[in-house]
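Welcome, and thanks for opening this report. Please have the sequence and the structure at hand as you read.

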Amino acid sequence: MKLSFRSYILELKNPFGLAHGTRNTTAIVLTQLEHKGIIGYGEASLPPYHGETQESVAAFLSKLELEQFDNINLTPNPSPSRRGEPDASTEIAKILSYIDKVEKGNNAAKASIDIALHDLAGKILRKPCYELFGIKTAEKKLSSYTIAIDDLKKMPGKIKEAKDFKILKIKLGTTNDEEIVKIVKNETDKRLYADANQGWSDKVQAHELVHMLHENAFEVVEQPMPVNCAADDMRWLKEKSPLPLLADESVKRFSDLEKATELFHGINIKLMKSTGMAEAHKMILRARELQMKIMLGCMTETSCSILAASHLASLVDYVDLDGPFLINNNPFGYPELIEGCVITPEKAGIGLEF
Ligand code: MG
């Protein structure tokens with residue numbers, strides 16, 4: 001199994017303003033895994049606040065000794081006991097378990113291998129990735145489109161730009177959140193999600209703002225308070241909140257999930273945090289058991305990791321897969337977008353087009 005990778009810079013259509021800063025580009029690394037002449041594609045997206053860089057991803061990927069998996073069997077097993085259904089998940093799990101032990105952290109770097117591996121396995125088995133996860137039909141799901149923090153005068157224009165989407169995710173956590181909401185409500189009657197990106201440090205203020213959002217028909221609020229806020233404050237807010245509160249920055253991997261049930265109604269799962277599709281799927285199943293709400297989100301990403309995520313979209317409550325639509329230089333074909341739904345390809349693998 002041969003790994004190659006290259007760095008790339010995504011240029012954002014609009015400055016991407018969040019409660020903790022604004023940026024115009026996102027660094028990524030694109031990976032390729034080749035096995036028996038077939039290529040799987042992957043991606044690591046590296047927003048600065050997650051701490052990984054193109055250099056750290058390159059250093060991590062360079063340590064991997066994937067030749068040891070040259071004889072791995074990803075071909076369909078003809079045994080009647082398997083009813084002809086291929087099951088590559090055990091083989092994939094073996095490789096992912098090795099990768100996870102090479103070094104701690106490096107979640108996006110690990111995701112870039114996980115995605116390429118699932119793409120490869122799907123292509124070898126001639127199955128779309130969702131079938132590798134036991135999903136029979138990929139349901140069409142509406143995706144939200146992010147309206148980042150910007151000059152208030154620019155907000156109406158940005159909302160107009162989002163014409164192909166039926167749900168907007170409004171970034172908040174500023175000193176003028178009420179003003180932003182007023183502008184949004186004047187401009188559109190679309191369905192709305194909110195993301196405070198840890199921007200509300202005071203629980204009483206957070207409580208008032210969540211109520212204001214509820215009165216304005218918002219459906220869900222992501223990460224209202226800082227990751228390191230007092231647990232008692234977040235517990236208090238959860239109990240009093242009229243809207244589901246989702247953990248984003250507070251939950252990265254499966255191991256973070258249980259403790260979040262106390263403080264949040266749900267989680268935002270992103271492949272770049274979860275180390276890829278396999279662990280994201282495991283998190284979805286466990287979150288369901290814990291009766292948590294589930295959003296499937298993304299960073300600014302190309303079609304590669306967005307399509308990968310779309311294979312799990314049938315299993316979640318809220319889909320936020322707008323990554324490629326926020327950038328100017330997506331190196332791949334755009335995902336199909338029909339009436340606000342990001343369509344999961346039925347082609348083998350993740351279904352990336354060139
Ligand atoms: Mg978020």
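What follows is a walk through several parts of this model, which is predicted.

## The antiparallel sheet

Let's start with an open sheet made of 3 strands, arranged in the order β1-β2-β3 with antiparallel pairing. The edges are taken by β1 (2–18) and β3 (38–46); each has a single partner strand, so one side of each is left without a neighbour in the sheet. On average, neighbouring strands here are turned by 20° against each other, if direction is ignored.

For a closer look at one pairing, take β1 and β2, the latter covering residues 21–35: these two strands pair in the antiparallel sense over 13 bridges. A handy landmark is L3, which stands opposite L33 in β2.

## Two helices across the sheet

Which helices lie across these strands? One is α1 (residues 54–63), which lies across β1, β2 and β3 and runs at about 160° to β1. Helix α3 also lies across β1, β2 and β3, and its direction is at about 155° to β3.

## D119, a buried aspartate in α3

Helix α3 spans residues 107–125 and includes D119. Is this residue buried or exposed? With a relative accessibility of 0%, D119 counts as buried. A polar atom of its side chain lies 2.8 Å from the backbone nitrogen of I350.

If you leave aside neighbours within four places in sequence, the contacts of D119 are I39, G40, Y41, C129, A348, G349, I350 and G351.

## Cysteines and disulfides

A disulfide is a covalent bond between the sulfur atoms of two cysteines. How many disulfides does the model have? The count comes to 0.

For C129, the closest cysteine sulfur belongs to C304 and is 10 Å away, which is too far for a bond because a disulfide calls for sulfur atoms within 2.5 Å. C129 is buried, its relative accessible area being 0%. C229 has a relative accessible area of 18% and is buried as well, because the cut-off for that label is under 20%.

## Strand β4 and S144

Next comes strand β4 (residues 144–147), where S144 and T146 point one way while Y145 and I147 point the other way, and all are buried. Strands β4 and β5 run parallel and are joined by 4 bridges. Within this pairing, I147 has I170 in β5 as its bridge partner.

S144 deserves a visit of its own. Its relative accessibility is 0%, so S144 counts as buried. The side chain of S144 makes a polar contact, at 2.8 Å, with the side chain of D320. Beyond its neighbours within four places in sequence, S144 is in contact with F165, I167, L168, K169, Y193, V319, D320, L321 and D322. As for T25, its C-alpha atom is separated from that of S144 by 21 Å, and the two residues are 119 residues apart along the chain.

## Helix α6 and its two sides

Which residues of helix α6 (residues 177–187) are buried? They are D177, I180, V181, I183 and V184. Viewed down the axis of α6, these buried residues fall within an arc of 160°, so they line one face of the helix. On the other side of α6 you will find E178, K182 and N186, which are exposed.

What do the buried residues of α6 pack against? Their partners are α5 (155–161), β5 (167–171), β6 (191–195), α7 (203–215) and β7 (218–222). Among these elements is β5, the strand that runs parallel to β4.

## Two residues with positive phi

Finally, here are two backbone details in loops. R126 is not a glycine, yet it has a positive phi of about 60°. R126 sits in the loop between α3 and α4 (129–132), and its relative accessibility of 72% means that R126 counts as exposed.

Q198 is also a residue other than glycine with a positive phi, in this case near 70°. Q198 belongs to the loop between β6 and α7, and at 24% relative accessibility Q198 counts as partly exposed.

Key. Residues numbered from 1 in each chain as written. Predicted model: local features only at pLDDT ≥ 70, side-chain atom pairs only at ≥ 80, totals over all residues. Heavy atoms only, no water. Buried < 20%, exposed > 50% of the residue type's maximum accessible area, 1.4 Å probe, protein only. Arc of directions from axis to C-beta. Contact = heavy atoms within 4.5 Å. Polar contact = N/O pair within 3.5 Å; in protein donor to acceptor, adjacent residues only side chain to side chain. Pairing = 2+ DSSP bridges. Axes fitted to C-alpha atoms, helices over the stretch in contact; angles between N-to-C directions.
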